[in-house]
Amino acid sequence: MNVLQFILQNRTQVLELTVEHLWLVGWSTFLAALIGIPLGILIAHWTRLNKPVLAGANIIQTIPSLALFGFLLPVPWLGERVDRLAILALTLYALLPIIRNTYEGIRGVDAAVVEAGRGMGLTESQLLFQIELPLALSVILSGVRVAAVICVGLATIAAAIGAGGLGEFIFRGLAMVDNRVILAGAIPAAILALLADFGVGWIEKRLRPR
């Protein structure tokens with residue numbers, strides 16, 4: 001039996017695990033954007049904060065994913081629900097590209113354009129929402145795209161703590177030494193990563209300033 005036949009025979013379970021995977025990735029990417037974009041805006045305007053914030057996000061990236069899951073398991077509220085724990089861990093890993101791209105996007109806005117806005121009497125909040133964010137949006141979305149792809153890949157590790165997702169097939173296949181089962185989880189995960197990259201990339205191109 002080849003991989004395709006195995007996936008078709010187990011399509012109900014593959015679909016269920018794919019939905020679980022999407023749920024983990026969707027929430028973690030959304031939360032990372034909710035936290036990372038304001039942080040990127042903050043450090044773009046308060047440059048003294050950029051080094052500690054970016055350093056902290058970089059340090060998180062260096063922690064092995066299984067180790068981070070293990071560190072978070074004893075936390076009372078998180079440990080009760082492994083899906084919460086997985087979403088938090090994935091959110092932490094997704095922060096760096098969003099914070100960095102938001103910072104670079106805001107800082108990359110032409111200073112002359114910002115000064116022209118000030119000359120027209122725009123307030124700081126109006127400058128942010130009417131000039132800086134629209135011009136930096138494609139760069140910010142590029143960071144969100146990278147974060148989404150990171151989350152799709154790392155969400156497979158969440159199965160190690162029982163959080164579900166396509167990683168269940170991968171770990172099951174490793175235990176059984178069965179490549180078909182491994183690929184039944186790896187192939188849909190790879191397709192999800194490509195779709196996330198293509199989808200957010202398409203939006204990014206549509207919103208890129210001309």
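Predicted model: local features only at pLDDT ≥ 70, side-chain atom pairs only at ≥ 80, totals over all residues.
Helices here are DSSP runs of H or I with at least four residues, numbered from the N terminus.

**Entry 1: what I'm looking at**

I started with L137, and I found L137 in helix α8. Where is confidence lowest? In helix α5, residues 76–79, where the mean is 65. Helix α2 has the highest confidence, with a mean of 94.

**Entry 2: back to L137**

Is L137 buried, exposed or partly exposed? I get a relative accessibility of 31%, so L137 counts as partly exposed, as that class runs between 20% and 50%. I also looked up L72, which sits 65 residues from L137 along the chain. The C-alpha atoms of the two are separated by 33 Å.

**Entry 3: T102**

Next I picked T102, in helix α6. Its relative accessible area is 0%, so I wrote it down as buried, the class for anything under 20%. What does the side chain of T102 reach? I found the backbone oxygen of I98, at 2.7 Å. Leaving out residues up to four places away in sequence, T102 touches G36, I37, G40, I41 and I140.

**Entry 4: around α7**

I then went to the ends of α7. What caps the N-terminal end? That's D110, with a side-chain oxygen 3.0 Å from the backbone nitrogen of A112. Just after α7, I noted G121 with a positive phi of about 90°.

**Entry 5: the largest pocket**

I looked up the largest pocket and got a volume of about 200 Å³. Which helix gives the most to its lining? It's α7, with four residues. Helices α2, α6, α7 and α8 each supply at least two residues of the lining. Among the lining residues I listed H45, R107, E115 and E132. By class, the lining has five nonpolar, one polar and five charged residues.

**Entry 6: V177**

Last stop: V177, in the loop between α9 and α10. Its phi is near 55°, a positive value in a residue other than glycine.

Note on methods. Residues numbered from 1 in each chain as written. Heavy atoms only, no water. 1 Å grid on protein atoms, 1.4 Å probe; cavity = no way out; pocket = protein on both sides within 12 Å on 5 of 7 lines; lining within 4 Å. Points joined across faces, edges and corners; volume = space filled by probe spheres on them. Nonpolar A, V, L, I, M, F, W, Y, C, P; charged D, E, K, R; others polar. Buried < 20%, exposed > 50% of the residue type's maximum accessible area, 1.4 Å probe, protein only. Polar contact = N/O pair within 3.5 Å; in protein donor to acceptor, adjacent residues only side chain to side chain. pLDDT = per-residue confidence, 0-100. Contact = heavy atoms within 4.5 Å.
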